[in-house]
Amino acid sequence: MRLQFPNMPEQMTKSESRIMDYISSHTEEFLFSSIGTISRRLDVSPATLSRFVRRVGFEDYKELKRAVADQSMVEGPAVKMLATLSADKEFTVENWILRQQTYLQKTLEGLDPGQFRRAVDIVLGARRVFIHGKSASASPAQLLMFRLRRLGIDTVLLPSGGSEVLEGLAEIRKEDAVVLFSFSKVSSEGRMILCHQREVGYTTIAFCSRAFIPEEEQADIQLFVYRGEPKEYHSMTAPAAVVDALVVAVSEQMGEASARRLDRLHKMKKTYAPER
């Protein structure tokens, strides 16, 4: 890989050439190694590495890593985590929570209130609500199922993959609704759900992170959630917040029926909960 840095010197020292060659030919190892590890591997001092960093135009080692990550073809969750950690001078829980506030604000700006209200009506009017999520999306899918069931809504969690998904789809009727989590792309199972919808006629609601979605990948309702930039670690803060907002809005529309259901569940817990 040919890297481009702000200040590429015409002549490099022997040590600088070794460093440059290592970064170019062992990019992934470089991205996940500390300055101390690299200095030992190349038998150069940390001071030499620091001088190289400044000479090629960067303020510090972390900024160099960020530039290499942006230019590299290395992909995967580890690279996304690196990009997230590199965004701030240092990671602190305070910085992370402040970042989540930004994600929630961007979600609020991108979420269509009309679509959200329609999603509430669809959940309330459905015979059954089927939910699909896989990998990281399985967590908000399970959260939504748990919350809706507590309100007495007939909810089914579809299997995440395999032929079992088809068995679940076979149970869905026109009067049902399907909620799918398709943040940055629609999974193969999500495509099956959208394709089968055209045959059966049920309604779909999708949690998504894209501003533009091709027509063939669109659900009836799109609920936008912001999870971070494409090459960053993708947070679940906004999806969880919108899931909870959906449940609270459904509960409000149910009125007394929701309160009675939750009160009955509370009394059952007190009656049947094991003694501690």
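Predicted model: local features only at pLDDT ≥ 70, side-chain atom pairs only at ≥ 80, totals over all residues.
**View 1. Phe5 and Phe58 form an aromatic pair.** The model contains 5 aromatic pairs. In the one formed by Phe5 and Phe58, the arrangement is edge-to-face, with 5.4 Å centre to centre and 85 degrees between the planes. This pair links distant parts of the chain, since Phe5 belongs to the segment before helix H1 (14-25), while Phe58 lies in the loop between helix H4 (46-55) and helix H5 (61-71), 53 residues apart. Phe58, at 8% relative accessibility, also counts as buried.

**View 2. Phe30 and Tyr61 form an edge-to-face aromatic pair.** Their rings are 5.7 Å apart, centre to centre, and the angle between the planes is 80 degrees. Here too the pair links distant parts of the chain, with Phe30 in helix H2 (residues 27-31) and Tyr61 in helix H5, 31 residues apart. Both Phe30 and Tyr61 are buried.

**View 3. Phe181, Phe183 and Phe207 are linked into a cluster by ring pairs.** Over the ring of Phe183 sits the charged end of Arg227, 4.3 Å from the centre of that ring.

**View 4. The largest nonpolar core has 31 residues, of which Leu144, Phe181 and Phe207 touch the most other members.** Two or more residues of this core come from each of helix H8 (113-125), strand S1 (129-132), helix H9 (138-150), strand S3 (177-181), strand S4 (203-208), strand S5 (221-224) and helix H12 (237-254). Helix H12 gives the most, with 7 residues. Not counting residues up to four places away in sequence, Leu144 touches Ile131, Val179, Phe181, Val243, Leu246 and Val247. Another core, of 21 residues, lies apart from this one and includes Ile23, Val53, Phe58 and Tyr61. In soluble globular proteins, nonpolar side chains tend to be buried together.

**View 5. Gln222 has its place in strand S5.** With a relative accessible area of 17%, Gln222 is under the 20% limit and so is buried. Leaving aside neighbours within four places in sequence, Gln222 is in contact with Gln115, Ala206, Cys208, Ile213 and Glu217. Of these contacts, Ala206 is 16 residues from Gln222 along the chain, and the C-alpha atoms of the two are separated by 5.0 Å. The side chain of Gln222 also reaches the backbone nitrogen of Ala219, at 2.5 Å.

Note on methods
Residues numbered from 1 in each chain as written. Heavy atoms only, no water. Phe/Tyr/Trp six-rings, centres within 6.5 Å; stacked < 30°, edge-to-face > 60°. Helix = DSSP H or I, 4+ residues; strand = E, 2+ residues; numbered from the N terminus. Buried < 20%, exposed > 50% of the residue type's maximum accessible area, 1.4 Å probe, protein only. Lys NZ or Arg CZ within 6 Å of the ring centre and 35° of its normal. Core = buried A, V, L, I, M, F, W, Y, C linked by side-chain atoms within 4.5 Å. Contact = heavy atoms within 4.5 Å. Polar contact = N/O pair within 3.5 Å; in protein donor to acceptor, adjacent residues only side chain to side chain.
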